Amino acid sequence: MHFSIPDNCEQSDNDGPFTVFNLHINGILHGSVRYSQFRDLHVQLQKAFGSNRLPAFPPKKLLSLNSKELEERRLLLERYVQTISQDAEIGNGTIFVEFLLVAQQITHGVQPEPTTIEVCLMNGHRVEVKVLTTDRTDTVLCAAAHEINLLNDFIPYFALYLVKRESDGDMSIVRRMQEFESPYVSLKIVEKVAPHRLVLRKSYWDPSFDEDLLSDRIALNLLYVQAVSDLDRGWIAADGDVAQRLRSLQSQGSKREFIELARTAKFYGFVHLKKCTCDYPREATPVAIIAGNRELIFRLELPAGEPREVTFRVTRMRCWRITTSYGANKRDATGNHENGAGTPREPVLELSFEYLVAKDTLKWISVLSPQAILLSMCLQSMVDEILLKKNGEKPKRAAAKTSSFSAAKGKRPSAASNEPISAAPTWRHRASFTAGGEKAKNKSASDEVQGNEAFDAAIGDEDL
C-alpha cells in the first residue's frame, strides 16, 4: 500500500478549531486524522511492540504551530505512517488496521448499520450480501462466499476488486480491496466520481492453483465465468482453432474442459491495463501493459520496424516505487475541491522499476498511468506468490481471533454475523523503505521503494 499525507486543513467543533491531516492510501483520501489520534496510535503500538521497533514520533508542542511547523509535522507524520506500514507485523496487525478503519468511518460519517452490498461475478450476475456499513473487506468476502455456497477452503483463492465503469461502457480494474477499509464506504467514495462495483475474481496469478478448484462445482463455475469474460473482452489471446474449440465447449457447458483449454492460450489469467505512457525505449512512448505469469508485457506503439512487444520479468526487477503528486488546489475535509464542485482531485501517479537489462546492469523504467497503484499491487502480489510457492504453500487466510465464519475444513461458510475479522491476509506486504529528499508541498514527502525478495541477480546475459 502507498501512504501519503499531501496536505492538511482546518476543522472545528464545539471546542473550537483544530487541524486534521489528510491521509491518502493509493492516491485516494482515506481519512482526515488529528495529531492526537496519530499519537494515540503510536502509544498503542509502543505497548504492543516496544519503542525500539517504532520510528520517532513528531513531538507534541505546547503552543499553536505556525505554518512552517505544521508543514514539518505533516512531513514527519507522513514518514511515520509510511515507515510503520513497511513492517508486515505492524502494518497488517489489528491495531493499525483498526486505526485505518476508524479513520475512514469517522471522516466519511458512517455509523454501523445493516445494509446490502452487491458483489458481482464476472458474468454480470449480482449477489446481494447483507453486512454492516462498517464491515471490513474479509467480512464482506466471506458473506459473499456464503451466499454462493463457496467452501471456506477456497475463499483465499478469490478476492474482491473495485472495478470502474468507463465512459465507453468498458470496465477497468481499479484495485484489490484491502483489510483496512470498509467496502461499503470505499464504494460510496468513488461513486461520487464515476460508477463502480465490487467484483469477485481470482486472487492468484499461477494457473497451477486452478487444479485445487476444478473438482468443486462452485469454485469451477467462478473460474469459468471469469475465463469466459476475459475471452469475450479479448484479454485471452486464443487463435482461430483454439477460439473455435473454446466456443464449442462453452455451448456444450463443458466448464472444466473449457478451463483446461483456456489455460493453454496466451494471456490466460492476465490483467490488461488501460493505455498509458512510458519512457522505454524513449520518453512519452504510448504503451498498453498486460500483467500476469510473473511478468509485465509492454505493447509499445513505435515506428514500423522496431520491436513492439517487450517482456519484463518480475524476478529481474530489483525494486520499484510509486511517485504521487497532486495539483495546487486544496481539498476540503471530505476530499472534495474547496470550490464545492464535489469532484475529488486526481493524483498524478508514476511507477518506476529498476530492471536487470544485462548482467550487472540495472536500468530504471518508468510508467505514467492512473493505474500505477494497481500495477504496483500486481507486482507485489506476484512476488508474494513466488515466495509462497517457493515455500510449498497454498493460498490461505490467516487465523482470525474473532471470525464470523466457520473455518472448519471442507465446510461451506455459515451465515454471517457482524463481528470483524481481526487478522490480516497471509500474503503480507514485503518491502523496504527508503526516505527520499524533501519535496514540494502537495507531493509525497518520500518515495516508497518496494524491495523485491524474488529478485534474481544471478542471471547471465544470454538469459536477458
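Trainee: How is the accessibility of arginine 53 to be read: buried or exposed, or in between?

Mentor: In this predicted model, arginine 53 has a relative accessible area of 35% and is partly exposed. The class runs between the buried limit of 20% and the exposed limit of 50%.

Trainee: Which side chain does arginine 53 meet in a salt bridge?

Mentor: A salt bridge is read from the distance between a side-chain nitrogen and a carboxyl oxygen. Here the partner of arginine 53 is aspartate 87, at 2.8 Å from N to O. Aspartate 87 sits in the loop between helix H2 (67-85) and helix H3 (88-91), and arginine 53 in the loop between helix H1 (35-49) and H2, so the pair ties together parts that are 34 residues apart in sequence.

Trainee: How many salt bridges does a search of the whole structure find?

Mentor: The search finds 21 salt bridges. Another of them joins aspartate 13 to arginine 34, with 4.0 Å between the closest N and O atoms. Since aspartate 13 belongs to strand E1 (residues 3-13) and arginine 34 to strand E3 (residues 28-34), this pair ties together parts that are 21 residues apart in sequence. Aspartate 13 is partly exposed at 37% relative accessibility, and arginine 34 is partly exposed at 31%.

Trainee: What is the partner of aspartate 206, and how far apart in the chain are the two?

Mentor: Aspartate 206 forms a salt bridge with lysine 389, the closest N and O atoms lying 2.8 Å apart. The pair links distant parts of the chain, 183 residues apart: aspartate 206 is in the loop between strand E8 (196-202) and helix H7 (217-232), and lysine 389 is in helix H10 (residues 372-390). Aspartate 206 counts as buried at 16% relative accessibility, whereas lysine 389 is partly exposed at 32%.

Trainee: Turning to pockets, how much space lies in the second largest pocket, and which residues are closest to its centre?

Mentor: Rolling a probe the size of a water molecule over the atoms shows where empty space is left. The second largest pocket holds about 400 Å³. Its lining has 17 residues, and those closest to the centre are Phe18, Thr19, Tyr35, Leu65 and Arg73.

Trainee: Which element gives the most to that lining, and what is its make-up by class?

Mentor: Strand E2 (16-25), H1 and H2 each supply at least two residues. E2 gives the most, with four residues. By class, the lining of this pocket has eight nonpolar, three polar and six charged residues.

Trainee: Now the backbone. Which residues other than glycine have a positive phi?

Mentor: Phenylalanine 267 has a positive phi of about 70° and is not a glycine. Phenylalanine 267 lies in the loop between helix H9 (255-262) and strand E9 (271-272), and is buried, with a relative accessible area of 5%. Arginine 294, also not a glycine, has a positive phi near 65°. Arginine 294 is placed in the loop between E11 and strand E12 (295-300), and counts as partly exposed at 38% relative accessibility.

Trainee: What is the form of the peptide bond from tyrosine 280 to proline 281?

Mentor: For a peptide bond, the angle to read is omega. From tyrosine 280 to proline 281 omega is near 0°, and the bond is cis. Proline 281 is in the loop between strand E10 (276-278) and strand E11 (285-292).

Conventions:
Residues are numbered from 1 along each chain as its sequence is written. This is a predicted model: local features need pLDDT of at least 70, side-chain atom pairs count only at pLDDT 80 or more; totals for chains, interfaces and linings use all residues. Side-chain values use heavy atoms; hydrogens and water are left out. Buried means under 20% relative accessible area, exposed over 50%, partly exposed in between (1.4 Å probe, protein chains only). On a 1 Å grid over the protein atoms alone, a cavity is a set of points where a 1.4 Å probe fits but cannot get out, and a pocket is an open set with protein on both sides within 12 Å along at least five of seven lines; lining residues have an atom within 4 Å of a point. Grid points are joined across faces, edges and corners, and a volume is the space filled by probe spheres set on the points. Ala, Val, Leu, Ile, Met, Phe, Trp, Tyr, Cys and Pro count as nonpolar, Asp, Glu, Lys and Arg as charged, and the others, Gly among them, as polar.
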